[in-house]
Amino acid sequence: LQVVRDQISHCTVKLRQTTGLMEYCLEVIKENDPSGFLQISDALIRRVHLTEDQWGKGTLTPRMTTDFDLNLDNAPLLQSIHQLDFVQMKVSSPVPAPPILQLEECCTHNNSATLSWKQPPLSTVQVEGYILELDDGNGGQFREVYVGKETMCTVDGLHFNSTYSARVKAFNKTGVSPYSKTLVLQTSEDTQSEEQTLPFPVPLERSQLRRMSPFSSTLNLQPSFPGRSYFELRSSAHQLSLHSSLQSLNSAGEPMAWFSFDPASAHADIIFSNDNLTVTCNSYDDRVVLGKTGFSKGLHYWELSIDRYDNHPDPAFGVARIDVLKDAMLGKDDKAWAMYVDNNRSWFMHNNSHTNRTEGGITKGATVGVLLDLTRRTLTFSINEDQQGPVAFENLEGLFFPAVSLNRNVQV
């Protein structure tokens, strides 16, 4: 290494000298007086040739070879390895105590339930994680909805007006604790009992839905995102005014589920007003905002009214996963199913694929309806109470949130 360092220093000096000579030659070339240039040109040419000859005479030739003659004596090491004596020791560790559900922090909102728990105050046993289980809302079997280290979890996509039982247990390397006490949770009650009419025909059998399990066999019940059990884990502009009533139809009638736009998951350019029922954007690029309530079962319908519409933009309406792209038009990725529309026509879009161009657009004051039928697994759109195009999407499964994308030329 020392030899190499010495050669580096020598080469650095040579490089500095040569660079200085080059800079001097450049200055001489700039000489405007021909006689002055001729006086020094011969000497300068000889100096350059001399430097060139010296540069090529071994300056850059390595003074060390890359081959080293090393002899490794591994006999003492092998002797030490043969003398090693392994003794297996196993310390008995108890399983954790049952967790305690913190009732003051457990709550429901619409069709979501938030549960919180903790270890007993005097417990000293190490806990590696927790397993949260919920039944199907109809007295059926318990299923795991969250596994992880968090002590709070929100479960989305449950049935409205249903009673669920929840329990949690802890685990470590030794084993699994007994279950906590079972907590009974009630999702939101019906808030309106009068009949609601859909803006375009719905088959009679669709209004007689039987109560089903809130869990779909295709849902990703994985602990990829701690605390969220259903995800594989966000000037005068145009705005959108959300008719925040959702119709969740079942055999008991047609209850209304109230929701608003969600600032927590929206793009930073989205502007909220009217208690988060109205949105616009301060960017000319499309930005996405979601509703606060997600759906995995049942029949749901909501409407959005166009409060302002300037310069013929293309707002998009539909449903999306919670982790949809927020900085592009709705439907650009595979996590959104949408209809985007201008003042003359509309298209359906999913995974950046455009289909079913349909005549008929929107203006200020227009109403866009979204019908999410998770019993038949379809998505249908309407404009001013008339169905827009055919059934837009089929074979929908999982958890969906109402979604809109817009720029500063639209307010909804």
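# Reading the terms in a predicted structure

Tutor: The chain has 3 helices and 25 strands. Helices and strands here are DSSP runs numbered from the N terminus, a helix being H or I over at least four residues and a strand being E over at least two. The model is predicted, so local features need pLDDT of at least 70 and side-chain atom pairs count only at pLDDT 80 or more, while totals for chains, interfaces and linings use all residues. Residues are numbered from 1 along each chain as its sequence is written, and side-chain values use heavy atoms, with hydrogens and water left out.

Student: What makes Phe401 buried or exposed?

Tutor: Buried means under 20% relative accessible area, exposed over 50%, and partly exposed in between, with a 1.4 Å probe and protein chains only. Phe401 has a relative accessible area of 3%, so Phe401 is buried. Phe401 sits in strand β24.

Student: How much of the chain is buried?

Tutor: Buried residues make up 45% of the 412 residues. The chain exposes about 22,600 Å², and carbon and sulfur atoms supply 51% of that area. Accessible areas come from the Shrake-Rupley method with a 1.4 Å probe; for residues, only the protein chains shown count as cover.

Student: What makes a set of residues a nonpolar core?

Tutor: A nonpolar core is a set of buried Ala, Val, Leu, Ile, Met, Phe, Trp, Tyr and Cys residues joined through side-chain atoms within 4.5 Å. The largest one here has 36 residues, and Leu372 and Leu379 touch the most other members. Strands that each supply at least two residues of this core include β13 (278–281), β15 (299–305), β21 (367–373) and β22 (378–383). A second, separate core has 19 residues, among them Leu115, Cys153, Tyr164 and Ala170. In soluble globular proteins, nonpolar side chains tend to be buried together.

Student: Which residues is Leu372 in contact with, leaving aside its neighbours within four places in sequence?

Tutor: Contact means heavy atoms within 4.5 Å. On that basis the partners of Leu372, apart from neighbours within four places in sequence, include Phe295, Trp302, Val319, Leu379 and Phe400.

Student: Which residues form a nonpolar patch on the surface?

Tutor: Leu77, Leu78, Ile81, Leu84 and Phe86 form it, with about 570 Å² of accessible area together. Patches are made of residues with over 30% relative accessible area and no salt bridge; like charges are joined within 9 Å, and nonpolar side chains (Val, Leu, Ile, Met, Phe, Trp, Tyr) within 5 Å. Phe86 has a relative accessible area of 74%, so Phe86 is exposed. Phe86 lies in the loop between α3 (75–82) and β1 (100–101).

Student: Why is the pair Asp269 and Arg287 called a salt bridge?

Tutor: A salt bridge is a side-chain nitrogen of Lys or Arg within 4 Å of a carboxyl oxygen of Asp or Glu. The closest N and O atoms of Asp269 and Arg287 are 2.8 Å apart, and the two form a salt bridge. Asp269 lies in the loop between β11 (256–258) and β12 (270–273) and Arg287 in strand β14 (287–290), so the pair ties together parts that are 18 residues apart in sequence. Asp269 is buried at 18% relative accessible area, and Arg287 is buried at 12%.

Student: What are the relative accessible areas of Arg357 and Glu359?

Tutor: Arg357 is exposed at 53%, and Glu359 is exposed at 51%. Their side chains meet in a salt bridge at 3.6 Å, N to O. The structure holds 9 salt bridges. Glu133, Arg167 and Lys169 are linked in a network of salt bridges.

Student: How do you know that the span of α1 is close to the expected one?

Tutor: The expected span of a helix is 1.5 Å times one less than its number of residues. Helix α1 (2–29) has 28 residues and reaches 41 Å from its first C-alpha to its last, close to the expected 40 Å. Its buried residues include Gln7, Cys11, Leu21 and Val28, and the buried residues of α1 pack against α2 (34–55).

Student: What makes the phi of Asn161 worth noting?

Tutor: Most residues other than glycine have a negative phi. Asn161 has a positive phi of about 55° although it is not a glycine. Asn161 is in the loop between β6 (152–155) and β7 (163–171), and is buried at 18% relative accessible area. Glu385 also has a positive phi, of about 75°, but Glu385 is exposed at 52%.
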